[in-house]
Amino acid sequence: MKLHSLVCGLALALTACVGGPPKVVEQTMPLASTNLIIVGDSTVCNWPANDNLHREGWGMHIQDYFKSDLQVINLAVSGRSTKTFITEGRWAAALERVPGVVLIQFGHNDSHAPTNPEATNAATDFRDYLRQYIDETRAEGAIPVLITPMCRRTPTDNLQPYADAMKVVAAEKKVALIDLHASSAKLYAQLGPEGVKALEANVAGGGYDTTHFNAAGAKAMAKLVMDELPAAVPQLKPYLK
């Protein structure tokens with residue numbers, strides 16, 4: 001934990017070098033529906049209320065920002081990557097929910113060891129899967145939004161290549177992007193190692209989970225997403241509370 005601020009600060013500095021947000025294709029098109037679909041992993045998903053480690057994903061708190069006439073449907077699932085969310089049929093099922101906007105955050109499980117079935121390479125197939133999410137979202141008349149994975153709270157955050165890959169694909173495909181990796185790194189630096197612990201879920205046997213969040217952490221990540229989402233998709237502004 002002592003080194004996480006330095007690591008995340010470096011991630012933030014590298015992020016700044018990539019450039020500004022891309023010009024977005026869907027900036028003015030009307031919403032195809034008022035369903036906001038979220039796909040992602042355990043840092044995003046709906047955890048059960050009785051989870052013994054008190055974990056929550058940021059997707060659990062996005063509906064709180066919107067009026068009831070926009071429905072947030074959080075389909076994120078723990079342990080999934082860009083690859084396995086597709087190969088398990090979860091992505092096809094998500095598209096059947098008639099999305100108007102799709103928020104896409106992966107990277108944590110993509111970054112696992114290459115021998116793991118969920119792993120992808122940030123320079124190759126990870127980008128290809130992102131392109132598939134974008135193209136198939138647009139084919140449904142919906143608006144895709146890429147969200148970079150939040151910075152890991154460890155001395156060896158290895159998610160920078162995945163965040164950078166998302167930015168490359170966003171620029172290439174002219175799709176909206178929310179840089180949660182950078183904004184979370186900034187938040188962690190502001191809070192410091194001890195302050196960050198207040199956001200972290202528990203681990204079995206005691207201590208802190210440096211990947212997953214408790215309710216306070218999930219709400220903090222949701223706020224960082226929502227700080228950028230209305231500008232990324234202005235069509236959502238009429239539905240905000």
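Is cysteine 45 buried or exposed? Cysteine 45 counts as buried, at 5% relative accessibility. Here, buried means under 20% relative accessible area, exposed means over 50%, and partly exposed lies in between (1.4 Å probe, protein chains only).

This is a predicted model: local features need pLDDT of at least 70, side-chain atom pairs count only at pLDDT 80 or more, and totals for chains, interfaces and linings use all residues. Residues are numbered from 1 along each chain as its sequence is written, and side-chain values use heavy atoms, with hydrogens and water left out.

**View 1**
A disulfide is a pair of cysteine sulfur atoms within 2.5 Å. The count by this rule is zero. For cysteine 45, the closest cysteine sulfur belongs to cysteine 151. The two sulfurs are 20 Å apart, which is too far for a bond.

**View 2. The open sheet.**
Helices (H or I, at least four residues) and strands (E, at least two) are DSSP runs, numbered from the N terminus. Two strands pair if DSSP finds at least two bridges between them. Five strands make an open sheet, in the order β2-β1-β3-β4-β5. Their pairing is parallel. β2 (71-74) and β5 stand at the edges. Each has a single partner strand, so one side of each is left without a neighbour in the sheet. On average, neighbouring strands of this sheet are turned by 20 degrees against each other, direction ignored. Axes are lines fitted to C-alpha atoms, for helices over the stretch in contact, and angles run from 0 to 180 degrees between N-to-C directions.

**View 3**
Three bridges pair β4 with β5 in the parallel sense. Isoleucine 147 stands opposite isoleucine 178 in β5. Contact means heavy atoms within 4.5 Å. Helix α7 packs on the sheet and touches β1, β3, β4 and β5. The direction of α7 makes about 165 degrees with that of β5. Helix α4 lies across β3 and β4, running at about 155 degrees to β4.

**View 4. Asparagine 35 in strand β1.**
Asparagine 35 is found in β1 (residues 35-39). Asparagine 35 is buried, with a relative accessible area of 15%. Leave aside its neighbours within four places in sequence, and asparagine 35 is in contact with Gln71, Ile73, Arg97, Val98, Pro99, Gly100 and Val101.

**View 5. The nonpolar cores.**
A nonpolar core is a set of buried Ala, Val, Leu, Ile, Met, Phe, Trp, Tyr and Cys residues joined through side-chain atoms within 4.5 Å. The largest has 41 residues. Leu36, Trp58, Phe66, Met221 and Leu229 touch the most other members. Elements giving two or more residues to this core are β1, β3 (101-104), β4 (143-147), β5 (176-178), α6 (180-196) and α7 (215-232). α7 gives the most, with nine residues. Apart from this core lies another, of 26 residues, among them Trp91, Leu95, Phe126 and Leu130.

**View 6. Methionine 221.**
Which residues does methionine 221 contact, leaving aside its neighbours within four places in sequence? They are Trp58, Met150, Leu180, Ser184, Leu187, Tyr188 and Phe213.

**View 7. Salt bridges.**
Side chains of opposite charge can pair when their charged atoms come close. A salt bridge is a side-chain nitrogen of Lys or Arg within 4 Å of a carboxyl oxygen of Asp or Glu. The whole structure has 12 of them. Aspartate 135 bridges to lysine 173, with the closest N and O atoms 2.8 Å apart. This pair links distant parts of the chain: aspartate 135 is in helix α4 (residues 125-139), lysine 173 is in helix α5 (residues 160-173), and they are 38 residues apart. Aspartate 135 is partly exposed, at 38% relative accessibility.

Aspartate 164 forms a salt bridge with lysine 167, with closest N and O atoms 3.3 Å apart. About one helical turn separates the two, because they are three residues apart in helix α5. Aspartate 164 is partly exposed at 22%, whereas lysine 167 is buried at 10%. A network of salt bridges links Arg80, Glu88 and Arg90.

**View 8. The hairpin of β6 and β7.**
β6 (residues 200-202) and β7 (residues 208-213) run antiparallel, joined by two bridges. Glutamate 200 stands opposite phenylalanine 213 in β7. The hairpin has five residues between the strands, and glycine 205 takes a positive phi near 90 degrees.
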